[in-house]
Amino acid sequence: MTAPLRRIAHLDMDAFYASVELLRYPQLKGLPVVIGGRVRGADAALMQAAADNRRAELPLDAFPRLRDYVGRGVITTATYAARAYGIGSAMGLMKAAALCPDAILLPVDFDEYRHFSRAFKAEILAVAPLMENRGVDEVYIDFTHVEGGQEEGGRVLAARLQQAIHRATGLTCSVGVAPNKLLAKMASEFNKPNGIAIVHDGELAEKIWPLPCRKINGIGPRTDEKLKALGIRTIGELAAWRGEALQAAFGRSYGAWLHAAAHGQDDRPVVTESEPVSMSRETTFGRDLHAVADRAELGAIFTRLCEQVAADLARKGYVGRTIGIKVRYDDFKSVTRDHSASSHTADASTIRQLAGQCLKRVPLEKRLRLIGVRVGGLVRTDRVAEASAALSRYHRAADAAAHEGEGDGRQTVGAMPGGGAAPRASQNLRLFD
Ligand code: DCP
Ligand code: MG
């Protein structure tokens, strides 16, 4: 008997927050609806309907509309009917209002989304116990040894999960099944919404190579720009490059990963432990701030965010070693930077110092509308000794490999390196020390 093929699924809920809202406001089905804006100060009619437990009876003309929105909020998600107008996640609400003034605007209700997140995951776990949480609305599932997981490449099990989830929650999702996580993640988007897509090893050239490089989870806008400058737009064009050439252009580890990813290689396991991956705090300013003119105010906010993240970590019993920052400019463009320290921490001033170094690597000429601090690479405080032992084993192995001069991407498919561009010189270098 031959060993079963590795079959990994990525399952992602369709228009998740919006679909959850439609469950309690069924009268909005088929209409353009966007979720966003502030939780506080939610519309009076909505609040009253909720208090009376009569949401489903609220007449359409009582709902708030995008055209009446004034403020700086952004869209977290939109129904597919709203997306038809060009509206999507992260777009400013007032910009969206210009595209579809009649769209209905609902505030976010995280508690409700968390409830449905748990509910759909429980349905999956009942059938396929090897499930990895990737966030509120997506998971990876190892189909390899589950009944139906090999039938029609995994389509049979995928359809069963879709039915079970729909029966339990009324929600739809899309599933990609492939030989690994990297391909499964891409495939789950192929037939959204309520779709299934199957990718087999031999289908790379047909199904993956025509896609733009950005579809690879791990190629961000900066890498994409750099790839474009080299004339590489599609994954197929990336695959045509030699590993050594990519390593010369992108560094040893990331270059090797790019090469492997373009060839559809990824052997990361599905990790079942449902531990948080990162904790973060961010804030949108009341008015846009400038790194020089508003230096003191920005510095204070930045320090407070670091203290809040440190307090979150302490309260939940985690330490982390990847410290990152996010800034969003007045033109809504965002950049992130992160840095992995050699040891884990939950200390506010250490986080502040490392986050400050990250901030030096972003351009600070434009005004800022948002700033955020994130600590990733988390381990539970009571397991930190174990984790640091594993980390030093890893570094020793990496050093040994480097001394052997091995640079073949095929051996490094597992880990996704964290970006790692050279620090950018900035005129504001000293600002956030
Ligand atoms: N989300 C958010 N901010 C973003 C993007 C998404 O808060 N910039 C939230 C709202 C989404 C949820 O996360 O409902 C899941 O994100 P997805 O990217 O999976 O988007 P959707 O599930 O809404 O739509 P799709 O059908 O494309 O998966
Ligand atoms: Mg989704």
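This briefing covers the ligand shell, the sheets, some backbone exceptions and a few individual residues of a predicted model.

The model is predicted: local features need pLDDT of at least 70, side-chain atom pairs count only at pLDDT 80 or more, and totals for chains, interfaces and linings use all residues. Residues are numbered from 1 along each chain as its sequence is written, while chains are lettered from A and ligands numbered from 1 in the order in which they are written. The chain holds 15 helices and 13 strands, where helices (H or I, at least four residues) and strands (E, at least two) are DSSP runs numbered from the N terminus.

**Chain as a whole**

- Of the 433 residues in the chain, 34% are buried; a residue is buried if 20 or more other C-beta atoms lie within 10 Å of its own, exposed if 12 or fewer, and partly exposed in between, with C-beta atoms placed from the backbone.
- Among the contacts in the chain with a separation of 6 or more, 70% link residues 24 or more positions apart; two residues are in contact if their C-beta atoms, placed from the backbone, lie within 7 Å.

**Shell around ligand 1**

- There are 14 residues around ligand 1, of which Phe16, Tyr17, Thr76, Thr77 and Ser89 come nearest; a residue is near a molecule or strand if its C-beta atom, placed from the backbone, lies within 6 Å of it.
- Two or more residues of this shell are given by each of β1 (8-13), α1 (16-24) and β3 (75-78).
- By residue class, the shell around ligand 1 contains 7 nonpolar, 3 polar and 4 charged residues; Ala, Val, Leu, Ile, Met, Phe, Trp, Tyr, Cys and Pro count as nonpolar, Asp, Glu, Lys and Arg as charged, and the others, Gly among them, as polar.
- Domain 1 (8-13 + 112-205) and domain 2 (16-109) each supply at least three residues to the shell; the domain bounds come from an automatic or database domain assignment.

**Phe16**

- Phe16 sits in helix α1 and counts as buried, with 22 C-beta neighbours inside 10 Å.
- Leaving aside residues up to four places away in sequence, Phe16 touches Thr77, Tyr113, Val136 and Asp137.
- The C-alpha atoms of Phe16 and Thr77 are 7.7 Å apart in space, although the two residues are 61 residues apart in sequence.

**The sheet β3-β2-β4**

- An open sheet with mixed pairing is formed by 3 strands in the order β3-β2-β4; two strands pair if DSSP finds at least two bridges between them.
- Because β3 and β4 (104-106) stand at the edges with a single partner strand each, one side of each is left without a neighbour in the sheet.
- Neighbouring strands of this sheet are turned by 30° against each other on average, direction ignored; axes are lines fitted to C-alpha atoms, for helices over the stretch in contact, and angles run from 0 to 180 degrees between N-to-C directions.
- Strand β2 (residues 33-36) runs parallel to β4 and is joined to β4 by 3 bridges, and Val33 stands opposite Ile104 in β4.

**Strand β12 and its partners**

- Strand β12 (residues 368-376) has 7 of its 9 residues buried, so it is largely enclosed by the rest of the structure.
- Strand β9 (residues 278-289) runs antiparallel to β12 and is joined to it by 8 bridges; Glu282 has Gly372 in β12 as its bridge partner.
- Strand β10 (residues 318-329) also pairs with β12 in the antiparallel sense, over 8 bridges; here Val327 has Ile371 in β12 as its bridge partner.

**Backbone exceptions**

- Most residues other than glycine have a negative phi, and most peptide bonds are trans.
- Ala15, in the loop between β1 and α1, has a positive phi of about 35° although it is not a glycine. Ala15 counts as buried, with 24 C-beta neighbours inside 10 Å.
- Asn53, in the loop between α2 (44-51) and β3, is not a glycine either and has a positive phi of about 60°. Asn53 counts as exposed, with 9 C-beta neighbours inside 10 Å.
- The peptide bond that joins Lys192 and Pro193 is cis, with omega about -10°. Pro193 belongs to the loop between α7 (181-187) and β8 (196-198).

**Ser392**

- Ser392 is part of helix α15 (residues 384-404) and counts as exposed, with 11 C-beta neighbours inside 10 Å.
- Ser392 and Ser343 are 49 residues apart in sequence, and their C-alpha atoms are 9.9 Å apart in space.
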